[in-house]
Amino acid sequence: MERRTIGAGALAVGAVGLGCMPMSWAYSGSRQRGDESLRAVHRALDLGSTLLDTADMYGPFTNELLIGRVLKERRAEAFVSTKVGLLVGEQHVVANGRPGYVRRACDASLRRLQTDVIDLYQLHRADPEVPVEETWGAMADLVRAGKVRALGLCAVGARGGRRSGTGLHDATLRQLRRVQQVFPVSAVQAELSVWSPEALEALLPWCAAHGVGFLAAMPLGNGFLTGTLTPGEGFEPDDVRARHPRFTAEMMAANQPVVAGLRRVARRHGEQVTPAQVALAWTLAQGRHVVPVPGAKRERWVTENASAAAVSLTPDDLTELSLLPPARGSWD
Ligand SMILES: NC(=O)c1ccc[n+]([C@@H]2O[C@H](COP(=O)([O-])OP(=O)(O)OC[C@H]3O[C@@H](n4cnc5c(N)ncnc54)[C@H](OP(=O)(O)O)[C@@H]3O)[C@@H](O)[C@H]2O)c1
């Protein structure tokens, strides 16, 4: 697989990464199978999808434990990126950016991941009670201590990022300017896909201008862009899509032109090429500093997604995809 380098430290990773979240979090729990997920992670490494993206809050904790079982055997082949700063409570997810907590959380992640160094340590969300410089300073100390190789920042979520009259990523850009004064940012993680292209406006250009890598989260639109979801089929109550405004039967039907466009482009590249691969090829085409982290827990999807690195979209394909209607159904 093509390799890409991200961040000031020129971290080298396979162009298509693996988002490990669906193995333990956010999507229907009844479909999570530990052994199947383990095989999926091994398959990713076999194919050169080296960047494994996880977080302490996925599970919580069980996702890192799962990745740790693979890292124990294949640490040298993997690039592990995890996250700190969000705690799962009974009812809510809360931010904690206190330096003492960050230090303890890092040690706990290292233990669960069965490794002595995390390649990319990302701040999941800034804590409104703690100046972000303080949290970032504690994370920088972890680099100096050799527990972490590089630091990343996740964008403020869609529900918290937009105020009327402001851009979706204005708050994240402000945070980036502040933390960059303390210690270099190596990667930013934010949603980027054909139906959520907002990061192209300011966030991606900022990363390109500062030599910062970009991890494209949710590049498959939570599965919608693969064309394998049927409007009206419904989601189990613990699946985030059961409450997601884009995943009501009405909005899924209204958003079908996006899938149709991906299918049209896929057909031009051959019988075997899928809408999911075109969606990933589109993210890869947004810049050499972009690494999509499609979430998947099945070997079959991991294999299909890794092959997207070989799909080369033409300028006409990219123009056609850029003209697709924006997604309908939003948190705002
Ligand atoms: N920083 C943040 O705040 C944040 C937020 C959200 C996500 N993320 C990161 O981004 C990663 C990806 O996001 P995501 O998993 O929510 O969304 P996604 O990558 O857009 O979509 C994942 C869904 O697509 C399905 N899928 C994957 N490949 C497929 C294929 N080739 N054909 C058909 N279906 C396919 C998966 O099914 P299966 O589950 O059945 O395999 C899963 O349900 C996460 O794993 C996480 O690492 C970060």
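Where is the place of Q114? I found Q114 in the loop between α3 and β8 (118-123). Helices (H or I, at least four residues) and strands (E, at least two) are DSSP runs, numbered from the N terminus.

Ground rules first. This is a predicted model, where local features need pLDDT of at least 70 and side-chain atom pairs count only at pLDDT 80 or more, while totals for chains, interfaces and linings use all residues. Residues are numbered from 1 along each chain as its sequence is written.

I checked phi of Q114 and got a positive value of about 55 degrees, although Q114 is not a glycine. Q114 counts as partly exposed because it has 16 C-beta neighbours inside 10 Å. For burial I used C-beta atoms placed from the backbone: a residue is buried if 20 or more others lie within 10 Å of its own, exposed if 12 or fewer, and partly exposed in between.

Next I went to the loop between β4 and α2, which holds P60 and F61. The peptide bond from G59 to P60 is cis, with omega near -5 degrees. F61 is not a glycine, yet its phi is positive, near 80 degrees. F61 has 16 C-beta neighbours inside 10 Å, so I logged it as partly exposed.

**Helix α2.** I then checked the length of α2 (residues 62-74). N63, E64, L66, I67, V70 and L71 are buried in α2. Residues three or four places apart in an α-helix point the same way, because there are 3.6 residues a turn. The cover over the buried residues of α2 includes α1 (34-47), β4 (51-53), β5 (79-84) and α3 (99-113).

**Sheet.** I traced eight strands in an open, parallel sheet, in the order β3-β4-β5-β8-β9-β10-β11-β12. At the edges, β3 (18-19) and β12 (290-292) each pair on one side only. Two strands pair if DSSP finds at least two bridges between them. β3 and β4 have two bridges, and G19 has D53 in β4 as its bridge partner. β4 and β5 have three bridges, and L51 has F79 in β5 as its partner.

Six of the six residues of β5 are buried, so the strand is largely enclosed by the rest of the structure. F79, S81 and K83 are on one side, with V80, T82 and V84 on the other.

**Core.** The largest nonpolar core has 99 residues, and V188 and L225 have the most contacts inside it. Such a core is a set of buried Ala, Val, Leu, Ile, Met, Phe, Trp, Tyr and Cys residues joined through C-beta atoms within 7 Å. Contact uses that cut-off too: C-beta atoms, placed from the backbone, within 7 Å. Beyond four places in sequence, the contacts of V188 include G152, L176, C207 and F214.

W206 is in helix α7 (residues 203-209). It counts as buried because it has 20 C-beta neighbours inside 10 Å.

**Ligand shell.** I listed 28 residues around the ligand, and G19, M21, L220, G223 and G295 come nearest. The cut-off for near is a C-beta atom, placed from the backbone, within 6 Å. Helix α11 (residues 299-306) gives the most, three residues.

Terms used:
Two residues are in contact if their C-beta atoms, placed from the backbone, lie within 7 Å.
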